[in-house]
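I opened my notebook to go through this one piece by piece. Here is what I looked up, in the order I looked.

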Amino acid sequence: MTPSPLSLLCALLLTLPLAIIFTINNDTTATTTTATDPPLPTVRYQTLISSPPKKHSPHLPIPPPPFVEKIDTGDDYDDESLFRRASRVNPNPLPAGAPKKLAFMFLTTGPLPLAPLWELYFNRTKTQQLYNIYIHTDPNLRQDLIFHGIFTNRTIPSKPTRRHSPSLAAAHRRLLAHALLHDPSNYMFSLISPSCIPLHSFDFTYKKLIESEKSYIEILKNEGGAWGRWTARGDTAMLPEVEFEKFRIGSQFSVLTRQHAMVAVNDTRIWSKFKLPCLLKNMDRCYPEENYFPTLLSMVDIRGCVPATLTFVDWKDQHNGHPRTFHGSDVGPDLIKAIRRRRPRYGNDVINGSDASVTSRNDPFLFARKFGSDTVGALLDIADDVILRE
């Protein structure tokens, strides 16, 4: 029997309220579920939403992603806040009349094997309270188990570092920022390697550095391999901020004035290029820690720099791209005296703006590297009679 139009209309009227109730219940459930879900995490500086992939012709190969190593540059938001605060400190040591201090900044990934020698170095000074010590190390280590004596509680908030990445230069900037914020009397800021030793007494070093109004930083122009280092991130990645003609090479280990320390922590323009990761195929020529500071200071204030490092290293007996490492059998009075007789190599930017007086300088090396952990006993044997005696 075929239903009449009247019966169909009645059936429709009877089911309509149920449909409305079902819809309302579904909406209410959806709203409640959304309200109880945990909020999405806040993402800094970038969005997780990617643009849709481009369509490719089935007859053409899909290009591979950029061949870039994914590593931490050490340039997170907390670093940026740190650098902003450090860039606001007084550029002149305070309080007025207080003695100027030296900031010794140890950049390491583990213990300091030559710490006993440095203990003697700092404890033999005639006047205390003329220095501060800062240590940047692997944050995953138990620092209370590896740093003792004068190095206790000297570590700063650190991040992992890795060669062939911007992380070493970022760690140097981090050390400078903490030293600027910690003590307004810090006047000169020296970066120290865990394989580094002093060549003179603290009093000799203090007098030499505290009388200087210039930074000691190796700044070399037209060095072999410069083009490869400049293009390590890509052929034009450094442009327009850093033209090749302004690119410089130098030792990682420098001594910076307070003014230049502030230049480094305040810089974002030049750092925006050096913090970029190098192409994986170019990792063997990626050394931001040896390029960033020399390039920055040569561009900003070449006249305020002595273009040389005060940390001696022996490149004549290098091995696989590493300078010579001295071992226990190498250490003796003759070695220390021979290194003391050496003089730094001065950069070749002199005629292009640096103070011409650097050509007649005769600065002594104050530190030397690389000394293996097996040298500590031999170094202690000659510390009082040779290293710390003038």
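**Entry 1: strand β1**

I started with β1 and asked how many of its residues are buried. Seven of the seven are, so β1 is largely enclosed by the rest of the structure. For me, buried means under 20% relative accessible area, exposed means over 50%, and partly exposed is in between, with a 1.4 Å probe and protein chains only. Strands (E, at least two residues) and helices (H or I, at least four) are DSSP runs, numbered from the N terminus.

A note on what I'm looking at: this is a predicted model, where local features need pLDDT of at least 70 and side-chain atom pairs count only at pLDDT 80 or more, while totals for chains, interfaces and linings use all residues. Residues are numbered from 1 along each chain as its sequence is written, and side-chain values use heavy atoms, with hydrogens and water left out.

Next I checked which way the β1 side chains point. K101, A103, M105 and L107 go one way, L102, F104 and F106 go the other way, and all are buried.

**Entry 2: neighbours of β1**

I looked up the pairing next (two strands pair if DSSP finds at least two bridges between them). β1 pairs with strand β3 (residues 186–192) in the parallel sense, over six bridges. It also pairs with strand β2 (residues 131–136), parallel again and over six bridges. A103 shows both contacts: its bridge partner in β3 is F189, and in β2 it stands opposite N132.

β1, α3 and β2 make a right-handed β-α-β unit. Right-handed here means that, with the strands pointing away from the viewer, the path from the first strand over the helix to the second runs clockwise.

**Entry 3: aromatic rings**

I counted ring pairs using Phe, Tyr and Trp (its six-membered ring): centres within 6.5 Å make a pair, planes under 30 degrees apart are stacked, over 60 edge-to-face, and the rest tilted. The count comes to 25 aromatic pairs. In one of them, F104 and W118 have ring centres 6.4 Å apart and planes at 65°, so I logged the pair as edge-to-face. F104 lies in strand β1 (residues 101–107) and W118 in helix α3 (residues 115–123), so the pair ties together parts that are 14 residues apart in sequence. Both are buried: F104 has a relative accessible area of 1%, and W118 has 2%.

Then I went to W271 and Y292, an edge-to-face pair at 5.0 Å centre to centre, with 70° between the planes. W271 lies in helix α9 (residues 271–274) and Y292 in helix α10 (residues 292–301), so this pair ties together parts 21 residues apart in sequence. W271 is buried at 3%, and Y292 is buried at 0%.

I also found one aromatic cluster, made up of F104, F106, W118, Y121, F122, Y131, F151, F202, Y206 and F367.

**Entry 4: charges over rings**

Here I looked for NZ of Lys or CZ of Arg within 6 Å of a ring centre and within 35 degrees of the ring normal. K100 lies over the face of Y187, at 4.2 Å from the ring centre. The charged end of R173 sits over the ring of F83, 4.3 Å from its centre.

**Entry 5: cysteines**

How many disulfides does the structure hold? I found one, taking a disulfide as a pair of cysteine sulfur atoms within 2.5 Å. C278 and C286 form it, with their sulfur atoms 2.1 Å apart. The torsion about the S-S bond is about 75°, so this disulfide is right-handed. C278 is buried at 1% relative accessible area, and C286 is buried at 1% too. I checked C196 and C305 as well: C196 is buried at 1%, and C305 is buried at 0%.

**Entry 6: a three-stranded sheet**

I traced an open sheet of three strands in the order β4-β9-β8, with mixed pairing. β4 (197–198) and β8 (311–312) are the edge strands, each pairing on one side only. Two bridges join β8 to strand β9 (residues 367–368), and these two run parallel. F312 has A368 as its bridge partner in β9.

**Entry 7: T231**

Last, I looked at T231, in the loop between α7 (226–230) and β6 (255–257). Is T231 buried or exposed? T231 is buried, with a relative accessible area of 3%. Leaving aside neighbours within four places in sequence, T231 is in contact (heavy atoms within 4.5 Å) with N282 and R285. The C-alpha atoms of T231 and F244, 13 residues apart along the chain, are separated by 8.9 Å.
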